[in-house]
Amino acid sequence: LGMDVIGYDPGMTIESALKLPRETQILGGMKAVFAQADYISLNIPFINKSPEEGGTRGIISAELLAEMKSDASILNFARGEL
């Protein structure tokens, strides 16, 4: 498609990571993804706990949104309050 695809999955196992293509870049987490992406697709279940407690409530913060490029777009397919 003529684009680079980047992603973030905190639950990815080492075994799954080893199956990724060689050209896959390792990013430093969600901040790095939000800073680099032109489009961000949220496909996250709502777990009513803070990220520190293993949930997703509040995972998309104003600080994280401030990292985005000015012309980036979010596609929110998540359910609940992220």
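I began with contacts (heavy atoms within 4.5 Å). Among those in the chain between residues at least 6 apart in sequence, 65% join residues at least 24 apart. The model is predicted: local features need pLDDT of at least 70, side-chain atom pairs count only at pLDDT 80 or more, and totals for chains, interfaces and linings use all residues. I number residues from 1 along each chain as its sequence is written, and side-chain values use heavy atoms, with hydrogens and water left out.

**Elements**

I looked up helices (DSSP runs of H or I, at least four residues) and strands (E, at least two), numbered from the N terminus. The chain holds three helices and two strands. From the N terminus on, I read the order as α-α-β-α-β. I boxed the C-alpha atoms along the principal axes and got roughly 35 × 35 × 20 Å.

**Burial and core**

Of the 82 residues, 22% count as buried.

Next came the nonpolar core, a set of buried Ala, Val, Leu, Ile, Met, Phe, Trp, Tyr and Cys residues joined through side-chain atoms within 4.5 Å. The largest has 12 residues in all, including Met30, Phe34, Ile40, Met68 and Leu82. H2 and E1 each supply at least two residues of this core. I then checked Ile40: leaving aside neighbours within four places in sequence, Ile40 is in contact with Phe34, Met68, Ser73, Ile74 and Leu75.

**Ser50**

I found Ser50 in the loop between E1 and helix H3 (62-66). Why does Ser50 count as buried? Ser50 counts as buried because its relative accessibility is 14%. Not counting residues up to four places away in sequence, Ser50 touches Gly55 and Arg57.

**Pocket**

I searched for pockets on a 1 Å grid over the protein atoms alone; a pocket is an open set of points where a 1.4 Å probe fits, with protein on both sides within 12 Å along at least five of seven lines. Volume is the space filled by probe spheres set on the points. The largest pocket has about 1400 Å³. Its lining (residues with an atom within 4 Å of a point) has 37 residues, and the closest to the centre are Ile6, Gly7, Tyr8, Leu27 and Val33. Helix H1 (14-18), helix H2 (30-36) and strand E1 (39-42) each give two or more residues to this lining.

How values were computed:
Buried means under 20% relative accessible area, exposed over 50%, partly exposed in between (1.4 Å probe, protein chains only).
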